[in-house]
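Please look at the sequence and the structure first.

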Amino acid sequence: MTYDPATLGQFTITATDGAARRGSLVTAHGVVQTPIFMPVGTQGSVKALAPDDLDAAGAQIILGNTYHLYLRPGDDLLARKGGLHRFASWNKPILTDSGGFQVFSLKDIRKLSEDGVEFRSHHDGSKHFFSPEKVMSIQNNIGSDIMMVLDECVAYGADYDYTAKSLELTTRWARRCRQAHPRHKNGQLLFGINQGGFFKDLRERSLAQLAEIDFDGFAIGGLSVGESIPEMYDMLHHIAPLMPRDTPRYLMGVGTPLDILEGISAGVDMFDCVLPTRNARNGTLYTSQGKVNIRRAEYREDDSPLDPLCPCYACRTFSKAYLRHLYVAQELLSYRLNSLHNITFFLTLARQAREAIEQGRFAALKAHYQDVFAPAKD
Ligand SMILES: Cc1cccc2c(=O)nc(N)[nH]c12
Ligand SMILES: [Zn+2]
């Protein structure tokens with residue numbers, strides 16, 4: 001990994017279109033062009049796809065997850081193997097979530113305290129403890145280019161008092177993460193995570209506290225946790241413009257194509273979501289004409305490609321009839337081809353957004369896809 005310490009973490013905005021930003025972020029494993037969609041590779045692989053598939057699809061950066069990689073294969077093993085890049089033969093950037101969200105999703109088997117969170121493995125029920133220092137050590141062993149702080153993702157519907165106390169804890173943990181991993185040690189960037197639930201004053205308080213800590217970027221956490229779309233968009237448009245302008249803004253766990261375009265219009269630069277690969281496995285495919293449920297009988301004899309505008313191997317090589325057959329027959333190739341297509345769609349959407357911002361026509365791109373994915377057509 002060779003990088004120039006002088007430019008590491010540099011985020012440059014090269015064009016804007018309304019609040020939408022076109023930029024680039026320098027990481028130790030390469031420059032990331034934003035707005036960007038990041039395929040999720042929770043356990044060190046984007047399910048059913050190999051690095052050369054991801055390269056062909058235009059992936060610039062993928063996600064790994066601290067919680068899962070710590071439990072299996074173990075961050076100590078990854079350190080002995082030279083880190084996740086070498087272990088998974090992925091030589092481009094990797095972002096790792098801190099594991100907080102995953103632990104808080106294990107509702108009944110975790111205990112929260114000032115020092116961190118105790119939880120039981122979903123594999124064998126063994127007891128473990130994540131402190132801010134521990135998750136920094138794990139991400140250091142993984143060798144991710146962008147690390148996330150340990151945070152408490154407050155459940156949807158949490159009351160004001162709980163949310164206010166929780167964001168203070170998340171800020172104290174964020175400070176401890178920063179202290180535990182000095183700036184750019186091992187070529188790694190560190191992002192803070194904004195919390196505060198659905199209370200605008202608490203969101204602003206969280207942001208003000210985090211902005212005093214030296215982070216390379218800021219994420220919006222605690223959204224896409226069960227709230228309605230209008231609630232998510234309302235908070236998104238409130239907080240994104242208040243985030244520091246000269247560092248990347250990352251909306252965690254979002255989202256559908258329309259959510260991503262909404263986020264970009266609010267000034268967000270980075271997105272990740274399991275939708276493309278998860279929905280690929282249940283036959284829900286995203287195309288330039290809208291969503292296609294490939295298992296529908298109407299495709300049984302359909303010789304046309306899934307998406308005539310898509311450059312992916314699946315669309316260039318096979319018919320809808322064949323893709324439907326693979327899905328109905330539960331052939332493993334169905335996972336691979338459907339995942340390849342959906343990931344290509346999300347990455348193409350991000351590329352189209354970058355080009356639209358450069359050409360000052362982002363609003364038109366967003367309106368086009370709002371029509372393509374209008375609920376009536378689902
Ligand atoms: C992955 C993800 C989705 C949604 C929300 C969150 C969050 O609040 N905090 C973390 N660390 N991760 C999240
Ligand atoms: Zn395709």
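The model is predicted, so local features need pLDDT of at least 70 and side-chain atom pairs count only at pLDDT 80 or more, while totals for chains, interfaces and linings use all residues. Residues are numbered from 1 along each chain as its sequence is written, chains are lettered from A and ligands numbered from 1 in the order in which they are written, and side-chain values use heavy atoms, with hydrogens and water left out.

**The zinc site**

Ligand 2 is a zinc ion, and its protein donors are Cys310 (SG), Cys312 (SG), Cys315 (SG) and His341 (ND1), at 2.1 to 2.3 Å. Donors are N, O and S atoms within 2.8 Å of the metal (3.2 Å for Na, K and Ca); water is not among the atoms, so sites may look incomplete. The arrangement of the 4 donor atoms is tetrahedral because their angles at the zinc ion are 97 to 121°. Four donors count as tetrahedral if all angles lie between 85 and 135 degrees. The spacing of the donor residues in sequence is C-x1-C-x2-C-x25-H. Cys315 in helix H12 (residues 313-317) and His341 in helix H14 (residues 332-358) are 26 residues apart, and the pair links distant parts of the chain. Helices are DSSP runs (H or I, at least four residues), numbered from the N terminus. Cys315 and His341 are both buried, and Cys312 is buried with a relative accessible area of 4%. Buried means under 20% relative accessible area (1.4 Å probe, protein chains only).

| Side chain | Atom of ligand 1 | Distance |
|---|---|---|
| Asp97 | nitrogen | 2.8 Å |
| Asp151 | nitrogen | 2.7 Å |
| Gln195 | oxygen | 2.9 Å |

On its own, ligand 1 has 330 Å² of accessible area (Shrake-Rupley method, 1.4 Å probe), and the protein covers 95% of that area.

**Cysteines and a glycine**

How many disulfides are there? The count is 0, where a disulfide is a pair of cysteine sulfur atoms within 2.5 Å. For Cys153, the nearest cysteine sulfur is that of Cys273, 14 Å away. Cys153 is buried at 10% relative accessibility.

Gly74 sits in the loop between helix H2 (66-71) and helix H3 (75-80). Gly74 is also buried, at 5%. Asn141 is 67 residues from Gly74 in sequence, with 9.4 Å between their C-alpha atoms.

Terms used. Buried < 20%, exposed > 50% of the residue type's maximum accessible area, 1.4 Å probe, protein only. Helix = DSSP H or I, 4+ residues; strand = E, 2+ residues; numbered from the N terminus. Tetrahedral: all angles 85-135°; square planar, octahedral: opposite > 155°, others 65-115°. Polar contact = N/O pair within 3.5 Å; in protein donor to acceptor, adjacent residues only side chain to side chain.
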